[in-house]
Amino acid sequence: MLTLQNVRRTFDSQPVLRGVDLSIARGQIACLLGPSGCGKTTLLRIIAGLEGADSGDVLLDGDSVMRVPVHARDFGLMFQDFALFPHLNVADNVAFGLRMHGLPRAQQAARLHEVLALVGLSDFEARDVSSLSGGERQRVALARSLAPNPRLLMLDEPLGSLDAALRERLVVELRAIIKHVGLTALYVTHDQREAFAIADVIAVMNAGRIEQVASAEDLYRRPATTFVARFLGLRNIFPVIGWRDGAAITSAGVFPAPQETQALLLHPDDLRLTAPETPGALPATIVERVFLGDSYRCLALHNEALLMFKLPAHSAPPAVGAAVALLPTRIVPLAS
Amino acid sequence: MVPKLYFLLLTLALAACAPAAAPTAATTPAASPAPTTLTLVTHDSFALSEAVLAQFSADTGISVEVLRSGDAGSMLNQSILSRQNPLGDVLFGIDNTFLGRALENELFVPYESPLLADIPAQFRLDSENRVTPIDYGDVCLNYDVAYFAANSLPVPDQLLDLTDQAYRGLLVVQNPATSSPGLAFLLATIAVFGTEGDYTYLDFWRDLVVNQVRVVDGWELAYYGFFSIHAESDPRPLVVSYASSPPAEVYFAETPPQTAPTAAIVAANTCFRQIEFAGILQGTDNLSGAQRFIDFMLSVPFQEDLPLNMFVFPVNPAAALPEVFTLYAAVPESPLALDSAAINANRDAWISAWTDAVLR
Amino acid sequence: MPFYRLLWLLPLAFLAVFFLYPLLTILDVSLRQDGVWQLQGFAALFTQPHFRETLWFTLWQAALSTFLTLLLALPGAYLFARYDFPGKRLLAALAVLPFVLPTVVTAVAFLSLLSVLNNALMSLLGLSQPPLRLEGTLALILLVHVFYNYAVALRIIGGFWANQNARLEEAARVLGCRGWRLWWEIRLPLLRPALWAAALLIFVFTFTSFGVVLILGGRYSTLEVEIYRQAVVFFDLPVAAALALVQIAVMLALMLIYTRLQRRMALDMQSVRSVARRPAHARQWLLVGGNIALMTALLFAPLLALLLRAFTVGGEGFTLYYFLTLGENLRRSPLFVPPAVAIGNSLFFAIITTLLALLLGTLTAYLLASKASRLLRWLDPLFMLPLATSAVTLGFGFIVALDEPPLNLRTSIALIPLAHTLVALPFVVRSVLPALRALPPSLPEAAQVLGAPPFRVWRLIELPLISRALLVGATFAFTVSMGEFGAALLITRPEMPTIPVVIFRLLGQPGTANYGQALALSVLLMLVCAVSFILIERLRDAGTGAF
């Protein structure tokens with residue numbers, strides 16, 4: 001439905017977007033995930049029409065929208081700071097887009113009630129926006145962007161300014177609402193938990209490029225690059241330092257890998273304690289053990305490589321200093 | 001915090017409503033030595049050569065402090081308001097158009113300077129010598145010599161000429177309510193046409209309006225904004241100014257010309273004479289110093305210093321005029337005058353009537 | 001109560017001593033003679049239609065002037081807030097210049113411009129009569145009011161706009177808003193605090209217009225002119241006091257409406273960094289260019305006409321003579337003041353005034369912005385009153401009130417910066433207050449929590465955030481002091497003549513050299529001010545550039 005083709009943008013001779021390609025299917029919630037400064041907000045603003053691109057194209061249902069002015073794109077955009085109009089009350093904020101689209105008064109009122117009910121703010125119509133709590137403001141902002149029934153809903157770190165507990169609750173709610181309405185949405189965040197919770201598909205951005213587009217599960221299980229793996233908080237990444245007979249040499253050992261592999265991820269979730277004589281087992285010494293409540297996190301030294309793995313809380317974990325053998329059952333090749 | 005704050009304001013407000021200034025002891029004990037400073041209260045146009053003033057200080061040991069307090073009207077009113085606690089010792093710059101107000105308010109201590117004997121009687125308007133005449137100037141029509149020559153237009157020689165078609169749109173005057181020469185010119189028209197009869201001063205002014213007179217607020221804008229030798233927009237070759245303006249045009253020219261570019265009309269019954277007075281302020285604590293300063297103002301050095309500083313004429317006939325005055329200034333032989341008490345009694349009514357007739 | 005709130009007493013005490021006390025004293029002297037109340041002045045207001053007409057004219061010309069100024073300055077403020085273009089700072093500095101020009105000089109400038117235009121039109125269209133006859137018309141008064149007050153609107157609105165959260169407008173655009181609706185529904189409502197603040201200042205200024213109406217008005221007269229006439233010419237203090245009280249009452253009523261309308265808005269202002277950027281395409285450049293053309297026509301054409309006049313006075317073609325002789329006492333005139341001395345004196349008073357006004361004005365703004373009490377709101381009009389009070393009345397008040405030790409200041413040179421500060425104060429307050437009210441309380445709170453003591457919080461957090469507003473206030477305070485103000489109000493001492501005083505002195509005497517030098521000095525006055533404005537801007541950059 002939404003397609004980005006080779007979008008580029010440079011600010012003050014600093015390239016911010018270096019050729020972004022992306023497609024989002026109708027009804028999908030897509031997420032742009034990346035550290036701050038990676039260009040995700042700029043990309044969002046280009047899609048919204050608030051910024052221009054130096055080159056590239058933004059297509060909606062196959063038609064370029066690059067020449068369509070902001071106000072005519074029929075998109076919804078929820079800002080990080082919500083950007084609620086301080087001179088209007090809740091109802092006027094929410095109905096603003098409806099008025100702009102010239103909806104008859106009666107329909108405006110009906111839609112207003114509908115949307116406010118959807119976000120759970122039915123009694124808030126006459127309230128001043130300055131009197132709202134953070135969560136309430138977020139709902140008003142959401143209601144305002146939903147009200148005109150946008151073709152595409154964009155959300156720029158919409159939970160960024162809220163506390164963690166509230167965020168965790170709202171993100172689920174947000175997904176439920178968007179899915180209930182059946183909108184196509186593009187969600188920008190730097191928080192992978194948020195991204196995993198809300199998105200059908202996640203595009204990880206780094207330094208003006210998209211590194212990988214995948215579902216949350218695929219992304220976590222099979223990160224494509226070192227950056228993605230690191231950004232998702234995965235450990236056990238070992239750079240390839242040489243090749244022998246088509247196998248990659250790393251400080252953790254030699255493993256078969258495809259040609260362009262730059263590093264290997266010995267996925268922590270698939271690193272298991274095993275008997276020392278098991279083929280492929282890596283002998284190691286436990287150097288650290290931390291109890292996390294639901295699990296133990298252990299660090300073991302194998303040659304010069306530190307390997308991290310987890311054990312369930314109910315297991316009997318090896319003590320620090322114990323000699324163990326670890327079997328990597330999933331070795332993920334990382335390009336770049 | 002807040003009650004305290006209001007208390008402060010209330011206190012100040014109450015303080016303000018109490019009599020402003022308790023009368024201070026007006027006289028200094030005779031035993032104390034005469035103060036060595038003297039304060040001269042005057043208007044903004046006052047000027048004097050440093051050297052002349054320095055000579056006074058050297059001769060008397062009195063240093064003089066000058067305070068300028070606005071135009072002549074403001075100066076006078078401020079002095080009246082501060083009568084209980086005067087701003088200074090000597091006031092200079094009150095003229096015959098406002099003299100009545102000053103006398104009526106008993107601002108001055110009478111003093112008959114020994115030098116007054118030499119001053120012509122026509123300048124000595126107060127028989128009690130509460131004020132001393134210092135200088136005079138004649139408010140006269142000035143004209144652009146080149147314009148009148150180029151258009152072979154005769155120079156008007158009586159006020160009534162100004163209502164003639166030939167002078168339509170040529171005259172700029174000042175509002176008498178805001179300008180001292182403007183007031184003097186109004187008084188001139190009153191002296192000529194009177195306030196009663198078939199053709200009063202108001203009739204004359206109505207005719208001037210018909211003849212497209214331009215009225216501006218002050219001398220500065222009339223002279224520099226509309227008088228044709230300086231102005232470009234709606235230039236007017238006739239302006240109300242002083243008989244001493246033509247010498248100033250010579251004196252203050254980039255290259256002094258042979259003949260003055262402007263001239264004053266000094267024909268009989270066209271000019272109004274303003275006489276400027278000085279007086280010793282009631283409540284001075286330096287009476288002897290003030291008297292010496294009045295003497296000094298009548299003395300030849302001060303009198304001779306006046307013309308080039310303020311472009312006025314000295315009242316002391318012994319004072320020699322500078323060359324630029326003798327060459328370029330004309331003195332009207334029979335200037336108009338009105339009794340200062342009559343002026344004082346009617347001034348406000350005349351100005352109001354003029355305003356109604358000319359501006360509304 | 002933290003001890004630093006005691007500082008709030010400072011502006012209150014200043015206002016009480018140097019404004020309320022002299023004002024109440026002169027009103028008392030005027031209205032109560034020999035212990036008997038003289039209320040015939042008020043009666044005259046009702047019996048003489050002339051006063052009613054004057055009041056009515058004063059009101060509607062002020063409203064019209066304010067409206068026109070805002071209308072014409074709004075595009076400028078928008079462009080200054082949104083776009084960066086070459087010469088922007090210079091333009092902003094130059095726009096304030098009219099403010100410093102004595103009214104007589106302004107009158108000369110406009111008359112010169114008129115003649116230039118008329119001559120051009122006459123030769124172009126082959127007319128025999130000048131087509132523009134504006135002398136003494138209401139149109140000219142309005143034009144000059146816009147000329148004087150454009151900068152007030154430009155700086156106050158532009159400064160506020162530049163700090164406004166740009167997302168609000170973007171949100172509106174995404175929701176389908178554009179064109180005039182964007183102006184009507186978003187921009188103007190969001191600007192409301194600054195619009196009201198600017199409108200209030202301009203209204204007060206034009207409501208109390210003295211010089212402009214007096215000099216250019218012809219048959220028009222404002223209340224202020226009438227008060228002068230009653231107080232100085234007729235010396236009818238009861239009527240003058242009654243008129244002054246009417247003036248104050250109108251102003252108070254206006255201020256109360258203002259505070260009502262100004263019901264605290266939660267304003268979304270975040271970025272201190274300017275959102276201004278270069279015009280990107282031809283249409284935006286056209287907007288910028290068009291506005292510069294408008295500013296040129298409104299503000300710079302008269303200034304240029306003045307400049308032209310200053311270089312061609314005497315009718316002998318281009319001459320530098322009057323500039324060159326400014327420093328020479330050609331005729332050994334005792335009136336002579338070297339220009340450097342006059343400039344030095346002017347700068348001396350202007351700097352003291354600016355510092356004093358910034359200090360007291362900032363404190364006042366904090367006082368008014370505090371939530372300490374609803375009663376404090378009543379103080380707001382009080383701080384505007386000095387602007388709305390007839391200068392003659394207040395000048396007389398100084399004479400009768402400040403005449404005893406320890407406040408024997410009526411003839412003191414110290415009264416000059418004090419009186420200037422009184423007038424400059426409202427500018428600082430009106431500039432700083434909106435910025436202060438828009439300051440997110442979380443910011444200073446965050447700094448406090450991080451362990452910063454109150455003064456450092458202010459210095460490191462709040463000061464940079466209100467610095468733009470302070471700069472605007474400082475520019476106006478400086479300008480008020482450099483300009484004509486006070487010439488009619490105060491007793492001056494010849495020892496310290498300022499530039500306007502010397503200009504008046506020169507203009508008070510006939511002769512081309514006096515005229516030429518007065519114009520040359522006016523040009524110099526503008527130059528000194530322009531350089532000062534640029535330095536003030538630099539100062540701000542140096543002080544807060546890191547933020």
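How many residues does the contact take from chain B and from chain C? It takes 61 residues from chain B and 59 residues from chain C. Two residues count as in contact if their C-beta atoms, placed from the backbone, lie within 7 Å.

Some ground rules. This is a predicted model, where local features need pLDDT of at least 70 and side-chain atom pairs count only at pLDDT 80 or more, while totals for chains, interfaces and linings use all residues. Residues are numbered from 1 along each chain as its sequence is written, and chains are lettered from A and ligands numbered from 1 in the order in which they are written.

Now chain B's side of that contact. Among the elements that each supply at least two residues are α1 (2-17), β2 (63-68) and α13 (340-358) of chain B. Helices (H or I, at least four residues) and strands (E, at least two) are DSSP runs, numbered from the N terminus. α1(B) brings the largest share, 9 residues. By class, the side touching chain C has 31 nonpolar, 18 polar and 12 charged residues. Nonpolar here means Ala, Val, Leu, Ile, Met, Phe, Trp, Tyr, Cys and Pro; charged means Asp, Glu, Lys and Arg; the others, Gly among them, are polar.

Next, inside chain B. Domain 1 covers 34-137 + 274-328, and domain 2 covers 141-273 + 331-358. Those bounds come from an automatic or database domain assignment. Over C-alpha atoms, the centres of the two domains of chain B are 27 Å apart. Their contact takes 18 residues from domain 1 and 19 residues from domain 2. On the domain 1 side, α4(B) gives the most, with 4 residues. That side divides into 11 nonpolar, 5 polar and 2 charged residues.
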